[in-house]
Amino acid sequence: MNMLTTPELAPDTAAQARRVGPPILKVEHLSREFGGVLAIGDLSFTIAAGDIHSIIGPNGAGKTTLFNLVTGVYKPSGGRVLFDGADVSGMAPYKLAARGMSRTFQNLQIFFNMTALENVMVGRHLHLNTRLLPALFRFPSLVRKDREARDRAVQLMTDVGLAKYVDADAASMPYGALKRLEIARALASEPKLLLLDEPAAGLNATESREIDEVIKTVAANGVTIILVEHDMKMVMGISHRITALNHGRKLAEGTPQEVASNPDVIAAYLGAAP
Amino acid sequence: MNALLHGRLTGLLVMGAVIAILPAFLPNNFYLDIAILAGFNAMVCVGLNLLIGYAGQISLGHAGFFGIGAYASGVLAGTYGWPPILALLAGAVFVGVLAFAVAKPILRLKGHYLAMATLGIGIIVSIVLRTESGITGGPDGMMVDPFKIFGVELYGEKVWYWVVGALLVGVVWLSLNLIDSPMGRALRAVHGSEVAAEVVGVDTARFKVMVFVLSAVFASVAGSLFAHYAGLITPAKADFFKSIELVTMVVFGGMASTFGAVVGAVVLTLLPQALTVFQDYQQIVLGGILMATMVFMPKGLLPTLAALLPARRRA
């Protein structure tokens, strides 16, 4: 964790100079408890459209719980989540997906009973005809759109560096490739907001840098990204803004440089000096 | 075998060819009768496989839906004199509505709980059929008139063999189409990871209900036709043991494989007949074969055999 203070991380001037977009996600006084234990407490922050916004914090800080609250996997005990101006607190994940929010998972959630390409094609679900009768009788319009979805999925897999796995069974793919497959699947739904839960966990340095590039490219195409990651080099390198959590509460927020030099953040990571 | 598992049209053609030439090797109506029964079982199993094999849900009550279809035809076409096709459709609609009504609450259950809930439905249906003897004839069952459509009466094994064969090809075709569609992928995604399916927009509850209703309707239609073919239906066709038999066929043949479901249904319909040579030990030998298959071929008969072949490609 000493990366927080390494001198090579100069202020990200590009991030400071860029124009701040309108808010796409607002979290207001959000809280969630599990059997009396507060996982997230009175948390408020805003994510600007177009940003790569990282959430950092030590293990158990509530990062994944926050993701689950924002994406509707958990229902909040209090407070609310506003997405694109609408209150979406506790809304089912599939409805949020239709509004343009998707995510990946810290612990892989791959459809291991399908091929890699089919995994990504499931990501096209919202853009395809998913009714029963056209499927049973194979309507020509459905077949045509399905072929387009297949081409699109191949393109997305190529974009994230999985071209050679197009025909592979998901169950036969290595861990690093599955991490990217989750990103490709989420992108296939054409989200406005993409939440990435530790996309670099378990990857080696080279693979992490490749994920860096993928994330930057996705952001450059106008997708807002919320990133939870322990790889501080990645976080400091690509984030426009960072929110630091500890014990389910906000510790600090700002540009990577501001957060890295914040004494509370350093204390939370390294242990408080008396 | 390759084509059987993965090629859409090739598999259908192979199956159609087998159905077409099979009667030449069947010496008499006794064998035709077994083939027809295998065909009915296969139709139900193809539908049940959509639910169990592809969507990853369990039902221990599908014989109940088969039974409702059978008795709807028996009662409406027989007692009330409806045209058989209308009775069949009425049964299918009733089963569809019933399956929808029970699926909503029970498909929120998982694993053992879902198994118990579907088991309950099957048992309730079976009890109603046994006790409402004024309508159903009770445990002795009821006679059903032959199927008539456009003035043509379907009668005898030779006619029914072709009817069931053609319908089975149709049902398999529908199943293959469905699986290779956006809805089919959504169903398989529900099996793979519900939460991952949800975050890309799949309303998992809706798809679970839809596939449950669809597989129940397949069972109902097969039940209606079976009633007309057999001419006599009893509550035993709707009971718990029949439900277990259907699930066993799906698992034995190979889950998440449409042709696997057909093979499972055919093999497990034939096997008890073939094993009669063991006389008193017939059940023991059957049980032994089932256990050995599951131990040595946990993925089921067809996928295991297909995997043995080299250069396996997906269609």
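Student: Is the crossing of H4(B) and H11(B) left-handed or right-handed?
Tutor: The crossing of H4(B) and H11(B) is right-handed. A crossing is called left-handed if the near helix is turned anticlockwise from the far one by less than a right angle, and right-handed if clockwise. This is a predicted model, in which local features need pLDDT of at least 70 and side-chain atom pairs count only at pLDDT 80 or more, while totals for chains, interfaces and linings use all residues. Residues are numbered from 1 along each chain as its sequence is written, and chains are lettered from A and ligands numbered from 1 in the order in which they are written.

Student: How do I describe the packing of helix H4 and H11 of chain B?
Tutor: Two packed helices are described by the angle between their axes and the distance between the axes. Here the axes of H4(B), residues 62-79, and H11(B) come within 7 Å and cross at roughly 45°. Axes are lines fitted to C-alpha atoms, for helices over the stretch in contact, and angles run from 0 to 180 degrees between N-to-C directions. H4(B) and H11(B) are therefore oblique to each other; angles under 35 degrees count as roughly parallel, over 145 as roughly antiparallel, 65 to 115 as roughly perpendicular and the rest as oblique. Helices (H or I, at least four residues) and strands (E, at least two) are DSSP runs, numbered from the N terminus.

Student: Which residues of H4(B) and H11(B) meet?
Tutor: Residues are in contact if their C-beta atoms, placed from the backbone, lie within 7 Å. On the H4(B) side they include B:Phe65, B:Phe66, B:Ile68 and B:Gly69, and on the H11(B) side they include B:Ala219, B:Gly223 and B:Phe226. By class, this contact of H4(B) with H11(B) has eleven nonpolar, ten polar and no charged residues. Ala, Val, Leu, Ile, Met, Phe, Trp, Tyr, Cys and Pro count as nonpolar, Asp, Glu, Lys and Arg as charged, and the others, Gly among them, as polar.

Student: At what angle do H5(B) and H11(B) cross?
Tutor: The axes of H5(B), residues 84-106, and H11(B), residues 204-230, come within 8 Å and cross at roughly 150°. H5(B) and H11(B) are therefore roughly antiparallel to each other. Their crossing is right-handed. Among the residues that meet are B:Leu88, B:Val95 and B:Phe100 in H5(B), with B:Phe212, B:Val213 and B:Val217 in H11(B). The contact of H5(B) with H11(B) comprises 14 nonpolar, five polar and one charged residue.

Student: In what order do the strands of the six-stranded sheet of chain A lie?
Tutor: Two strands pair if DSSP finds at least two bridges between them. This open sheet has the order E6-E7-E8-E3-E9-E10 in chain A, with mixed pairing. Strands E6 (101-103) and E10 (249-254) are the edge strands, each pairing on one side only. From one strand to the next, the twist averages 20°. E6(A) and E7(A), residues 193-197, pair in the parallel sense over three bridges. A:Arg103 stands opposite A:Leu195 in E7(A).

Student: Which helices pack on this sheet?
Tutor: Helix H2(A), residues 63-70, touches E3, E6, E7, E8 and E9 of chain A, and its direction makes about 150° with that of E7(A). Helix H8(A), residues 205-220, touches E3, E7 and E8 of chain A, and its direction makes about 150° with that of E8(A).

Student: How are the strands of the four-stranded sheet of chain A arranged?
Tutor: The order is E2-E1-E4-E5 in an open sheet with antiparallel pairing. E2(A), residues 37-48, and E5(A), residues 86-87, are the edge strands. Five bridges join E1(A), residues 23-34, to E4(A), and A:Leu25 stands opposite A:Phe83 in E4(A). E4(A) and E5(A) pair over two bridges, with A:Ala86 in E5(A) as the bridge partner of A:Phe83. E4(A) and E5(A) form a hairpin with two residues between them, and A:Asp84 in the turn has a positive phi of about 55°.

Student: Into which domains is chain A divided?
Tutor: Domain 1 of chain A takes 1-100 + 191-274 and domain 2 takes 109-189; such bounds come from an automatic or database domain assignment. Their centres, taken over C-alpha atoms, are separated by 27 Å. Eleven residues of domain 1 are in contact with eleven residues of domain 2. H8(A) gives the most to the side of domain 1 that touches domain 2, with four residues.

Student: How many residues do chain A and chain B bring to their contact?
Tutor: Chain A brings 37 residues and chain B brings 27 residues. H3(A) gives the most to the side of chain A that touches chain B, with four residues. By class, that side of chain A has 21 nonpolar, ten polar and six charged residues.

Conventions
Two residues are in contact if their C-beta atoms, placed from the backbone, lie within 7 Å.
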